[in-house]
Amino acid sequence: MAAILTWLIPLPPLLAFLFIAVLTYRDKGLSHWLALIGAGLAWLASMVVFVMAITTQGLSQQPFALAIAWLPMAKDTLNIGVLVDPLTAVTLFFVAWTVMMIFIYSVGYHNFGYPDGDNDKSGLPPRGMLARVKRGAREKVPTIEPLYSRFFAFISLFAFGMFTLVVSDNLLTLYIGWEIMGLCSYLLIGFWYARPAARDAAVKAFITTRLSDMFMLIGLVALYSVTGTLNFRDILTNPAVLGKLASSGSPILGLSWAGFIGLLLFAGTIGKSAQFPLHVWLPDAMEGPTPVSAMIHAATMVSAGVYLVIRFFPLISAGWAPGGAPTTPMAVMGFIGAFTALFAATIALTQNDIKRVLAYSTISQLGYMVAALGVGAYAAAAFHLFTHAFFKALLFLGSGSVIHGMEHGVLHTEEEIDAQDMFNMGGLRHKMPVTFWTFLAGGLALSGFPLVTAGFWSKDAILGGAFNGGYLAVFVALALAAMLTAFYTARQITLTFLGEPRTHAAEHAHESRRVMTVPLIILAIFAVGVGWAGIPAHFPGLGGLIPDWFNNFLNSMLPGSSEKEAASLVPLFTSLVVSLGGLLFGWAVYRNQTVGKKDPLQALGGVYSLLKNKYYVDEFYNWAFVKPAYWLAETFTYKWIDKIIIDGILHAIGRFGLWFGRSLRGSFDAPVVNGIGNGIADGTRKLGAGLKPVQTGRIQQYMLITMLVVVVVGIIFYIFFVLV
């Protein structure tokens, strides 16, 4: 039953998308109800499957699975199906909850219940309008999103893609869900397509992720070529297959097939989960509506990238033993993950857009997960993916609530300011108390505030894995990234909520509606509570009081798991110092920020400019790749290939055709064809002229001629047919 129910999980969001797109797109209320029902049914089915999974003994060895024959191959048939093992179960849990909360929140975010704007245009955010309010007074009120139904259709398809990816039992249908999400990210990042920045961000995300997906597809083909299957269990739980992949050499750089395919699959994660050097698309994705940002950062896109490498960790680590040298994919992941975590954290220090800070934070936290896999901390990586989904969804939805409140203030004051710039905020804890307390919970979880937040337990597990595994460089980089994370989180909370309002719009901000704040409260509970499912047994004082359920559940998938109990308190002490120290330092630096006062970090001079401009990576890519691509397209391809070669060949063919036609006309058409035609015409004309005298109009002559003709014909007939 569980396997059949798992088949049904992705179906409701897909049906919601189809019904909205085809039938109900003109009815905004019905459209969002279809989307909510679709997400709700998927949530309910996911929760039933999750409960069945955690109450089943030996799920890792006997997962819920059901497959059907799909594509006939040369010698066999490709089967596709569903698989629920511990990794699937926990991923379904956080995906279902975050998707459901984002869908509910979106109803309020897009101003359902408010009037249609007189001057609102499709492809642009609603501007608000003057309307009658209480006692006949007129004031500016928010207006509903013009493309409201379109949004819920696309976001339902987005959810379908992620659910499909999670429940798949093979790499091919996982890749299909992967690409569906790539399409949806393009459609939703560029949802306000009339804004050039949104269009550019959508194209940037699509092209960047397509580059990495190309390598992933090559890895998929290589894996099938070597093993003859794409089924997870046939590959990842079969020691013979893993041994063959680890021991047999590929034709590339002396890598084993496991190493080569592992690197290709990780390339897909680099793009999807925005790791350096393909991180550049994710900050620009903030041009889409805030619920889209929450979907991308917590429930779908970037989570899918890390899920892929967690799923294929047995292949990536094939041939590796704890304490030994890491495999090539693990070494690459350890380096890129640690570098990305620190790199993105430094950039987040100087960002003023409340959503852009969170975007670089996501890149950094994803680096944590990738680095954890690089050092062999399999369950820790999955645990941080699990906790991160809740507190990052909370933070993005909280930032959307803040922006909503600020935009309300802008509507009333008509102040021309950027409603997303944290330096235009301040004092919002009094104006938006629910948003403040829930955002604080998410921020503390992101910072790894000790003991009471989920982020502390998952980050501590990763730091412990790096330190106890002997990967000191990775440990130091992640510890520094954690300290910077705490600092910029305190900076964000202090600038946004504490102190006094720094603009009139901030003074007139107000709390969001319940349809937006209730999801924040639910996610805040998860941001605090889910970490308690992974308190390690060796933790001083608290270990053993609550069973270490998460790590035991996930580690059951890896026989002889390498994650051992910590042998040192250094990671724990480091977690406490960097978290509390970063939070305290960030608050101290920004607590006295007043109107017009510059960012204190500008005292860093050139370093501040370097961080503010994101190390000029975008500028470098523009110089090294974008401009050459434009030159290649406009100069080489268009002017030389298209205009000179292709057009030249076509014009030459055209000129040859004209010459050949003229030649045929002079040598054959005019003298032969026209000559014969003209000769027949002239002969006919002459014959007519010769017979003209015979046409006298006298009947007697006609009778005489007729009789003569009959006599002559009769004589000829008699001679040839009778006598002969």
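The side chain of aspartate 599 makes a polar contact with the side chain of tyrosine 590, at 2.5 Å. A polar contact is a pair of N or O atoms within 3.5 Å; within protein, one must be able to donate a hydrogen and the other to accept it, and residues adjacent in sequence count only if both atoms are side-chain atoms. This is a predicted model, in which local features need pLDDT of at least 70 and side-chain atom pairs count only at pLDDT 80 or more, while totals for chains, interfaces and linings use all residues. Residues are numbered from 1 along each chain as its sequence is written, and side-chain values use heavy atoms, with hydrogens and water left out.

Stay with aspartate 599. The residue sits in the loop between helix 25 (570-590) and helix 26 (606-612). Helices (H or I, at least four residues) and strands (E, at least two) are DSSP runs, numbered from the N terminus. The side chain of aspartate 599 also reaches the backbone nitrogen of leucine 601, at 3.0 Å. Aspartate 599 is buried, at 5% relative accessible area. Buried means under 20%, exposed over 50%, and partly exposed in between (1.4 Å probe, protein chains only). Not counting residues up to four places away in sequence, aspartate 599 touches Asn352, Phe423, Arg491, Tyr590, Gln593 and Tyr608. Contact means heavy atoms within 4.5 Å.

Helix 16 (residues 354-374) and helix 21 (residues 472-497) have axes that come within 11 Å and cross at roughly 160°. That makes helix 16 roughly antiparallel to helix 21. Axes are lines fitted to C-alpha atoms, for helices over the stretch in contact, and angles run from 0 to 180 degrees between N-to-C directions. Angles over 145 degrees count as roughly antiparallel, under 35 as roughly parallel, 65 to 115 as roughly perpendicular and the rest as oblique. Residues in the contact include Tyr368 of helix 16 and Arg491 of helix 21. By class, this contact of helix 16 with helix 21 has 11 nonpolar, 6 polar and 1 charged residues. Ala, Val, Leu, Ile, Met, Phe, Trp, Tyr, Cys and Pro count as nonpolar, Asp, Glu, Lys and Arg as charged, and the others, Gly among them, as polar.

Glycine 374 belongs to helix 16. Glycine 374 is buried, with a relative accessible area of 3%. Leaving aside neighbours within four places in sequence, glycine 374 is in contact with Pro326, Met330, Met333 and Gly334.

A second pair follows. The axes of helix 7 (residues 196-227) and helix 10 (residues 257-272) come within 7 Å and cross at roughly 155°. These two helices are therefore roughly antiparallel to each other. Among the residues that meet are Phe215 in helix 7 and Trp257 in helix 10. The contact of helix 7 with helix 10 divides into 12 nonpolar, 5 polar and 3 charged residues.

Now the backbone. Most residues other than glycine have a negative phi, and most peptide bonds are trans. The bond from phenylalanine 276 to proline 277 is cis, with omega near 10°. Proline 277 lies in the loop between helix 10 and helix 11 (281-284). Glutamate 414 is not a glycine, yet has a positive phi of about 55°. Glutamate 414 is exposed, at 59% relative accessible area. Tyrosine 615, also not a glycine, has a positive phi of about 60°. Tyrosine 615 counts as partly exposed, at 28% relative accessibility.
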